[in-house]
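Trainee: I have a few questions about how the terms are applied here. Can we go through them one by one?
Mentor: Go ahead.

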Amino acid sequence: MRKKILVGFVVIGSLVLSGALALGSGAGTADEALQKLLEGNKRYVEQQMTGQKLSDAHTRETLATSQHPYAIILSCSDSRVPPEIVFDKGLGEVFVVRVAGNVPDPVVLGSVEYAAEHLGSPLVVVLGHERCGAVTAAVEAKGKPEGNLGAIIKTIAPAVKQARTEYKGADKAALVETAIDDNVKLVAANLTKQSSLLKHLVKEGKLKIVAAKYDLDDGQVRLLK
């Protein structure tokens with residue numbers, strides 16, 4: 001009888017732990033959240049992924065009525081850079097907003113604000129990546145950009161302009177990579193300028209914003225200073 005009770009406690013404990021992990025309660029601060037992301041990326045690079053364990057039916061049922069993601073990821077829409085995979089995360093862990101060139105408009109900003117204020121996520125990661133098509137298009141653009149795609153190019157243009165002052169070489173690929181880095185850093189820096197809510201949360205120490213870049217070749221995410 002005692003053995004059955006102990007087994008029952010083990011089963012219940014496992015279910016509670018699974019639920020707690022799914023709700024993202026293991027990372028209460030921005031630094032802890034960032035560490036969890038980087039550890040997940042390390043598992044991804046080393047092909048030791050475990051995120052699928054938090055994508056099962058039980059986790060889905062646990063999250064059916066609420067969510068508490070510990071990180072917000074503003075990333076490019078590129079099909080090769082799905083944040084849930086490159087950070088090895090399961091259901092309920094990360095709140096992902098994806099748009100070409102990882103650039104925010106009012107709708108994107110509103111999405112980030114929602115996760116930061118209403119869901120309590122303490123960390124925003126602006127994630128760019130190598131050989132970004134949107135940034136490449138902005139570098140190659142001639143004349144005044146038009147249409148919806150032109151709106152993306154126009155938003156990235158300040159980073160391209162800055163990159164041209166930093167890189168004086170003739171290698172276009174190197175210029176593109178410089179512009180990608182500058183774009184990620186400018187987006188991260190400007191989030192608090194574009195959103196009074198995010199600015200307030202950062203000032204209160206409730207939110208941290210970092211810039212990062214994904215390497216298409218080795219799969220590693222590196223923080224940008």
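Mentor: Start with contacts, meaning heavy atoms within 4.5 Å. Leaving out residues up to four places away in sequence, Cys-76 touches Val-81, Arg-98, Val-99, Ala-100, Gly-101, Asn-102, Leu-127, His-129 and Cys-132. This is a predicted model: local features need pLDDT of at least 70, side-chain atom pairs count only at pLDDT 80 or more, and totals for chains, interfaces and linings use all residues. Residues are numbered from 1 along each chain as its sequence is written, and side-chain values use heavy atoms, with hydrogens and water left out.

Trainee: Why is Cys-76 called buried?
Mentor: Its relative accessible area is 5%. Buried means under 20%, exposed over 50%, partly exposed in between (1.4 Å probe, protein chains only). So Cys-76 is buried.

Trainee: What makes Cys-132 count as buried?
Mentor: Cys-132 has 2% relative accessibility, so it counts as buried.

Trainee: Which residues does Cys-132 touch?
Mentor: Cys-76, Gly-101 and Ile-180, again not counting residues up to four places away in sequence.

Trainee: How many disulfides does a search of the whole structure find?
Mentor: It finds 0. For Cys-76, the nearest cysteine sulfur is that of Cys-132, 4.1 Å away. A disulfide needs a pair of cysteine sulfur atoms within 2.5 Å. Cys-76 is in no disulfide, and Cys-132 is in no disulfide.

Trainee: Where does UniProt place the feature "binding site"?
Mentor: The unreviewed entry puts it at Cys-76, Asp-78, His-129 and Cys-132. They are spread over 57 residues of sequence, yet cluster in space, with a largest C-alpha distance of 8.8 Å. UniProt positions are in the numbering used here, feature names are shortened, and annotations may be inferred rather than shown by experiment.
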